[in-house]
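Hi,

Here is the model I promised to pass on. Have a look, and my notes follow below.

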Amino acid sequence: MDDHRAKIVHRRILYLVPLAFLIVFFFHPLLAILRVSLFPEGQLALEALGELVTRPYYAGTVWFTTWQAALSTLLTLLLGLPGAYLFGRFRFPGKQLLKALTTIPFVMPTVVVGAAFRALLGPHGRLNTLLQALLGLDAPPIQMERTIWLILLAHVFYNYTVVIRIVGGYWANLSRHTEEAAAVLGANRRQAFWHVTLPALAPALLAAALLIFLFTFTSFGVILILGGPGFSTLETEIYRQAVVFLKFPVAAALSVLQIAFTYLIMLAYTHFQRRIAVPLRFQSQRQTLRRPSTGRERLLVALNVAFMLVLLVTPLLALVERSFAGAGGRFTLDYYAELPINRRGSVLHVPPLQVVGNSVRYALGTMVLATALGTLSAWQLTSPSPRVARRPQGGSRWTRWLDSLVMLPLGVSAVTLGFGYIVALGRLRTSPFLIPLAHTLIAFPFVVRSILPVLRGIHPNLREAAAMLGASPDRVWLEIDLPIVGRALLVGAVFSFTISMGEFGATSFIARPGGSSTTLPIAINRFLGQPGALNFGQAVALSTILMCVCAVGFLFIERFRYGEIGEF
Amino acid sequence: MRKKLLALALWALALLASCGPKEPAVVRLMSHDSFGVSEEVLQAFEEEHGITVQLLPSGDTGAALNQAILSKDDPLADVFFGVDNTFLSRALEAGIFEPYDAPSVEKVPEQFRLDPENRLLPVDYGDVCLNYDKAWFAEHDQAPPSSLEDLTRPEYAGLLVVENPATSSPGLAFLLATIGRFGTDGYLDYWAELRSNRVLVTDGWEEAYWGQFSAASDGDRPIVVSYASSPPAEVYFSEEALTEAPTAAVLADETCFRQIEFVGILAGAEHRDAAEKLVDFMLSRQFQEDIPLQMFVFPVNPDAQLPDVFVRYAEIPSQPATVDPAAIEANRERWIEDWTTTVLR
């Protein structure tokens, strides 16, 4: 009995680890910066806050932030769902590579992506030139620059992979039996999809929607660079207020608003999530994936692949091409050759291999930390507490509250958190250790969202059967939960790696360029800061290297197999 | 057990990072991200004085200054470089700098010394000017603009791209140039005319230059707001060896705005002595001569020799538009707001 109690205590302590991490690296700095900003002289800065209410501009910003995020999420889900089906149901040659390619956009710096979009869709871009020649038009037919359409397109481009990986990964473990049973009972394809497949997918769809919504809700680079000054979100407004006008009270109040919204969204999410979760029988991918057999299926796969190539791969190819294009468009390796050369003898020059090494090290560190913390959190969020036994899908009020807390880091502006670190973290604030820690903060909500739908979907019978046969709770976790959740855990690992490789906002506050803290996005940004073809060329060359390193990283992480893990 | 170890390791990591040993001979220099110095020059200073300089580039000017202000009770550094004349009053008001009467500041021309108390000492200056694509103007057989007024004429319609003063420091500088030129009661009318002449606004210099400027991108705007030192940078960082810059700056009177950058010792600096030595060094001829190629701005020390590429390709406007720093601090927000209403809404 004592032993049992000790185990419960141990588990409780373990549960506290993610919470402790959040407190030290999130809530503490956040509260510190909010306190300093909102109470500059020990009193609430009411005067500065007054204009938030009196000026309709801010209400407009909140409204735009919300609807563009909702629309971006909806579009990404709609366009991504066929892709998720492809990855969740079929085997085809080149599948792993395509999957890696679809994830690369996630890490690309916005200035560089903007240049790639312009090379394809701009007034003198490939598509316009082609259409003008074909149709004999005088003016370019596609005029997307500085419109909401370009913002939406970019958001789909960046977040498509979230649908592919989270929904597609979940789909791949859904048993085919239920659909087949529906067909036997006389349901046609559409009925089977609406009444069987879609409800089963709902938890993963909802998780993906939540992540995409939060990402686009806090969108910064896409809005500034592709949307232009006509658009502003809460995130860009916080930056303007804090960094340009140095009006901390207003920036802090906007941050509070942003956090409150995120929390509301989370409450809505947990509410829906509780209603739609159904226990499922998961199957190994060996049983669910097959080659396309009918002509219809082959066409579907081909169309899908073509769509992904056009949407996600052409802009990337345009960048690769640009990195080899010298003056007058001739082929050159100059940009790559220049990377290791420190022609000005600057102390802040970092050789490319070292930059890649830094980025990969931080990304691996982030991956390990985020997966560990994410798994612990997810485990805690699903473990049945005595009062609500047999209802692990829903969870108690406490777990719902905790679930919302875990997601908050995704809804907080990088500027606010960056300044919070400066105020609150003492000596640690200039340490390179802070980089993977800050990345983990953004990455581990992804891990939680990747594995939670699967963990909650595991049929309680399985666990009960194991327990009845004498397995201890730890053993049940190890033998039942972990193998089933393994694939989703890999999805979370890939996301944490990716987030760390591409993160710029928060990193720019803590990375001190030069030496060990220069990451790839930081180095790219540095090149973009000065005129001269060689600088832009090197930025694009480094971006291409970033792409390659990421692709190799994804392929490597996905090859990971341990027992049944990864088979599911 | 294993899990406990993990927790322990996590905490150890945090602790380890937070309590490194204190070295007495370290001076920390906080700056914006555009700061640069050559290894050779910095090393010479470190060896001469037995001081190690730790560099802390901290984002763009506004972000770096904010960090310094927010950490005023527990300073991140001993010396701060990169406050410019648009942020000067704000920085002084925040009370984060201590006076230092560096001996060598006497040599610096009066026009650069904006703080009589010497809390902020001038280091370099650069002019934000219109740049144009030479090839475009040659091809279209058109003269490049020679005044701000030119830009409102029909033949320059749709040619100009500027940065948003609310998010970009050259953008703010150019807005100030128009205020210096047309006064506070005339600049909005000027911008209204620019707007009807289809001026394009981007949020940052990067997007204006690399996204819209015809000489550097797939964009179709042959005039951009950049720096007077951008043409030499185009030559220095060209992909093929060039004998002529592909771009040029418009240097006519009252078309540019001069940014002066300052260095100061932070209040509560741990190593005041070393900090003073570092400031002296930054005003010395050796550091001043290193400035042009590292940061693409001009040294304030008149004795400093310019590098070849600057002598050949860089020009300095003789009469940039000027606005008093105190007026900038008092009106920055209102000017930007009014500009936003006139140009963007």
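In chain A, 82% of the contacts with a separation of 6 or more are between residues 24 or more positions apart; two residues are in contact if their C-beta atoms, placed from the backbone, lie within 7 Å. Bear in mind that this is a predicted model, where local features need pLDDT of at least 70, side-chain atom pairs count only at pLDDT 80 or more, and totals for chains, interfaces and linings use all residues. Residues are numbered from 1 along each chain as its sequence is written, while chains are lettered from A and ligands numbered from 1 in the order in which they are written.

Chain A has 24 helices and 0 strands (DSSP runs, H or I of at least four residues and E of at least two, numbered from the N terminus). Its C-alpha atoms fill a box of roughly 70 × 70 × 50 Å along the principal axes, and 51% of its 568 residues count as buried (20 or more other C-beta atoms within 10 Å of a residue's own, C-beta atoms being placed from the backbone).

Now the core. The largest nonpolar one (buried Ala, Val, Leu, Ile, Met, Phe, Trp, Tyr and Cys residues joined through C-beta atoms within 7 Å) has 274 residues, and Ala208(A) and Val79(B) have the most contacts inside it. Helix H7 (residues 148–172) of chain A gives the largest share, 17 residues.

Leaving aside neighbours within four places in sequence, Val79(B) touches residues including Ala275(B), Leu278(B) and Val279(B) by the contact criterion.

Cheers

Note on methods:
Buried ≥ 20, exposed ≤ 12 C-beta atoms within 10 Å, placed from the backbone.
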